[in-house]
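Please keep the model open as you read.

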Amino acid sequence: MVLICGIDDAGRGPVIGPMVLSGVLVDENDTESLKSIGVRDSKKLTPKKRTYLYNKIIKIAKKYSILTVFPDEIDGKLNHGINLNDIEAIKSAQIINELRPERAIIDCPSPNLKAWKNYVLELLNDKKIDLIVEHKADSNHIPCAAASILSKVTRDAEIEKIKKKIGVDFGSGYSSDERTQKFLKDNIDKYPEIFRKSWSTYLDHKGNKNQKSIGDF
């Protein structure tokens with residue numbers, strides 16, 4: 001049977017916490033087993049169901065790989081001209097090189113499927129791999145859905161770890177979250193290691209904080 005690796009991410013956009021990419025290696029028969037236990041796109045599952053499936057997936061998979069990309073690495077690469085799509089390509093290739101599938105299916109973050117696929121191929125040890133790059137692959141391919149669950153559960157655990165460490169519930173970590181925005185405004189200099197400092201949300205708050213008020217003159 002063909003060994004298939006599905007790859008998907010969680011946490012591309014938030015201003016707080018890491019981005020996580022996961023790869024799940026299965027054979028074609030395993031995809032039916034994953035489907036039978038309820039594996040699907042992680043966004044369509046409750047947190048409790050995702051945690052339950054996470055433990056099932058890692059037992060069914062031949063191998064799996066989870067890479068956590070923390071804010072300092074994201075900021076560092078962006079500062080050197082390596083954008084978020086490039087980071088995903090680099091990490092996806094790292095997972096493929098580690099798991100060594102015959103076919104890899106990746107949920108593509110870039111609007112330019114062909115260019116992004118070619119970039120990933122350049123980074124692979126095996127240039128002859130059957131590489132499938134799609135938008136919404138986590139909805140269309142069970143191995144990618146399984147990877148999305150591993151990524152989401154891992155990302156959520158990292159966020160809970162931060163909250164426990166600092167003793168503050170800042171919400172989801174996404175800029176659209178009002179709790180996250182308030183926390184960022186109030187704590188921008190207190191916990192610098194948890195923020196993506198290259199994000200416009202962070203820079204906007206940092207700029208406002210650094211501006212002198214009329215009382216400073």
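## About the model

The model is predicted, with local features needing pLDDT of at least 70 and side-chain atom pairs counting only at pLDDT 80 or more, while totals for chains, interfaces and linings use all residues. Residues are numbered from 1 along each chain as its sequence is written, and side-chain values use heavy atoms, with hydrogens and water left out.

## Overall fold

The chain has 9 helices and 5 strands, taken as DSSP runs numbered from the N terminus (helices H or I, at least four residues; strands E, at least two). Their order along the sequence is β-β-α-α-β-α-α-β-α-β-α-α-α-α.

Along the principal axes, the C-alpha atoms fill a box of roughly 75 × 35 × 25 Å. Of the contacts (heavy atoms within 4.5 Å) between residues at least 6 apart in sequence, 71% join residues at least 24 apart.

## Nonpolar cores

Buried residues (under 20% relative accessible area, 1.4 Å probe, protein chains only) make up 47% of the chain. A nonpolar core is a set of buried Ala, Val, Leu, Ile, Met, Phe, Trp, Tyr and Cys residues joined through side-chain atoms within 4.5 Å. The largest has 38 residues, and I96, V120, L131 and F183 have the most contacts inside it. Helix α4 (residues 84-99) gives the most to this core, with 7 residues.

Beyond its neighbours within four places in sequence, I96 touches I7, P101, A104, I106, V120, L124, I129 and L131. Another core, of 19 residues, lies apart and includes L34, A137, A147 and L150.

## Two pockets

A pocket is an open set of points on a 1 Å grid over the protein atoms alone, where a 1.4 Å probe fits, with protein on both sides within 12 Å along at least five of seven lines; lining residues have an atom within 4 Å of a point.

Of its 15 lining residues, D9, A10, G11, S42 and K43 are the closest to its centre. Both β1 (3-10) and α7 supply at least two residues of this lining.

Technical notes: Buried < 20%, exposed > 50% of the residue type's maximum accessible area, 1.4 Å probe, protein only.
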